[in-house]
Amino acid sequence: MKRTLMNSPRYLAVAAFVLLGLAILPVPAAQALTCSVTPDNIPITFTYHGAQLSITGQSASTDDLVVTITSEPVDTALKYKEKVGGLVWMKKGSLEFKDAPRVYLLHSTADLSRILDAAELNKNLLGFDALRGHIRIEDSAGNPADGKWFDEYLKFKKQENVYDMQEGTVVRTHGEAGNTYKVDVAWPYQAPPGIYTVDVLAVRDGKVVDRASTHLEVKSTGMVAALSKMAFDQAGLYGIMAVVIALLAGLAVGAIFKKGGGSH
Amino acid sequence: MYMYLPIALTSVNYLVVMGLGLGVGLLSGLFGVGGGFLMTPLLMMIGIPPTIAAATDANQIVAASASGTISHWRLGNVDFKMGLYLLIGGFAGGAAGVQVIKILRASGGADFLIKMTYVVMLGLVGSFMFVESLNAMHKSKKAPAAAAPTAAPKQKKGGFFAALPMQTYFEKSGVTHSALVPLFLGTFVGVLAAIMGVGGGFLMVPVMIYMLRMPMHVVVGTSLFQILFTCIEVTYLQAYSNHTVDFMLALLLLIGSVFGAQIGTVLGRKLHGDQLKILLSIIVLAVTVKIVLELVMEPSILLSYAGGH
């Protein structure tokens, strides 16, 4: 009797349904990685002085996380100083930093060196050491330059607040909403307008196992946008405007002071 | 407190910027210098890229020198005729200087030579002025009480300058020169200014005092008049061909500097010609020391954006 029941088509159908259901339903240990940034649009007005970003999402409970905000890589030319004649420091020439992002901000749940090996860091371009291997530095003749110039480049970018690494700042919480993470990022006002990529990488057993990304747009608006557009599109008119307003301001204040007394 | 600059693409504290304008404007009204030499590095210190700092400073000087010129003109301190000759020379010199620098740069290593020449020249001019005005002040102290005037020293009769053709009388300055003299000196300063990438006030003022023998107060007014036109040209060209003039930054600076220039003019009237000279010489010497230190000490960061001094 029992045997008959287990062999019946009805039983098979139920078993198949249960198995299918198991496959579809999310497994808690492998929660999908998500990523969102608030705000995802930063308008630049005259009062703009950077912004406070909050990057949040869901992740598997045991994974470590690395969050990066970067721009498209560009080639940047910078002047370099060297000692001339054993006495004075002068600008000697320019160096080209190829394939370097304008902005590179990194946050993580733990020290990068503890959660990932060097090969994996390099492959995913995580951390300043990975950037060192990635950014090519050439002099004006196209010859590769000394490695010390990467250290100077890093110093230069850090001073501008556009390159930064803060390990251990991503906070995870395990609650009713599932396993979530959050990191607050101070967006530097020195970062130029543009579209930036926010990436979140999940790390397990020394390997990157998952990745989610979103975009952040920083854009001039209103008068800021109008003035910078005019400076490039109507450069002649912009130049005349700049001169005329400066002249009028100078003459007007000169005239005010005359009325206020002070004749000889 | 903060304002975002559309061309410099950075945010600055506007009170700091207006304060900078006020300080440098005061120097303009007092000494007839544009002050770009001080302003450009100061702007770079608050995060403005060098090319934008230099171009925007020229825009600001238009306002400060217009403000200073009008108040000096009202005091009868502008020698338009002399200013015009110097200006024509300056324009020609500026154009020539740009060519000279191309040749020098191509030969390589010229930067070093240019900088050293400039430092030596500033140092010599500053020291000479300092000693000369110190002596003059000692003399006037010994002289009878009311003997205040320190107008131009009497022009020497004869000599090379007097032998030149096209002699003409400059009424406001009370001197007679060949028109070729201010033309030549204007060109000379123009060449140097173009090579150094500065306005040239620090050189033009001593040239007017010692070579053209103009009275100190007329020197200040005439120098401002000349700087006004040079900076109008520079502002327009920088805006037109390089897009490096940040109008908002210039506006913040000039709010400070137009008032600074007025205060400087008023202050200048209270000071003696020799007192003005000695103060200017101290500033010239301080600038010289600053450049020497910058050259000799290792910079904290060896990379920078292109442009600037």
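Two strands count as paired if DSSP finds at least two bridges between them. Keep that rule at hand for the exercises below, which walk through a predicted model.

**Exercise 1. Find how β5(A) and β5(B) pair across the two chains, and name the bridge partner of A:Lys79.**

Step 1. Start with strand β5 of chain A, residues 73-84, and look for its neighbour in chain B. β5(A) and β5(B) run antiparallel and share two bridges, and at least two is what the pairing rule asks for.

Step 2. Now go to the residue itself. A:Lys79 has B:Ser304 of β5(B) as its bridge partner.

**Exercise 2. Work out the strand order of the open sheet that holds β5(B), and say which strands are its edges.**

Step 1. Strands of a sheet pair through backbone hydrogen bonds, either parallel or antiparallel. Here the sheet has four strands, ordered β8(A)-β6(A)-β5(A)-β5(B), with antiparallel pairing.

Step 2. Look for strands that pair on one side only: these edge strands are β8 (136-139) of chain A and β5 of chain B.

Step 3. β5(A) is joined to β6(A), residues 88-101, by eleven bridges. Within this pair, A:Tyr80 is opposite A:Gly93, and A:Val74 has A:Ala100 as its bridge partner.

Step 4. Check the turn. Three residues separate β5(A) and β6(A) in a hairpin, and A:Gly85 in that turn has a positive phi of about 60 degrees.

**Exercise 3. Describe the interface between chain B and chain A by its contacts, area and residue classes.**

Step 1. Begin with the residues: 49 of chain B are in contact with 56 of chain A.

Step 2. Turn to the area. About 4900 Å² is buried between the chains, and carbon and sulfur atoms give 72% of this. B:Tyr4, B:Leu302 and B:Leu303 supply 16% of the area that chain B buries against chain A, more than any other three residues.

Step 3. Look at polar links. There are 13 residue pairs in polar contact across the interface, counting pairs with both residues at pLDDT 80 or more, while the number of salt bridges between the chains is zero.

Step 4. Place the residues on elements of chain B. Among the elements that each supply at least two residues are β1 (2-5), α5 (110-142) and β5 (303-304). The largest share, eight residues, belongs to α10(B).

Step 5. Sort that side of chain B by class: 33 residues are nonpolar, ten are polar and six are charged.

**Exercise 4. Explain why the salt bridge of A:Lys207 and A:Glu120 ties together separate parts of chain A.**

Step 1. Find the pair. The side chains of A:Lys207 and A:Glu120 form a salt bridge at 4.0 Å, N to O.

Step 2. Place each residue. A:Lys207 is in strand β13 (residues 207-220) and A:Glu120 in helix α4 (residues 118-123), so the bridge ties together parts of chain A that are 87 residues apart in sequence.

**Exercise 5. Decide which stretches of chain A to read with caution, using pLDDT.**

Step 1. Take the chain overall: the average pLDDT of chain A is 87, and 86% of its residues score at least 70.

Step 2. Draw the conclusion: where pLDDT is low, the predicted coordinates should not be read in detail.

Key: Residues are numbered from 1 along each chain as its sequence is written. Chains are lettered from A and ligands numbered from 1 in the order in which they are written. Side-chain values use heavy atoms; hydrogens and water are left out. Contact means heavy atoms within 4.5 Å. Buried area is the accessible area (1.4 Å probe) that two parts lose on being put together, summed over both. A polar contact is a pair of N or O atoms within 3.5 Å; within protein, one must be able to donate a hydrogen and the other to accept it, and residues adjacent in sequence count only if both atoms are side-chain atoms. Ala, Val, Leu, Ile, Met, Phe, Trp, Tyr, Cys and Pro count as nonpolar, Asp, Glu, Lys and Arg as charged, and the others, Gly among them, as polar. pLDDT is the predictor's confidence in each residue, from 0 to 100.
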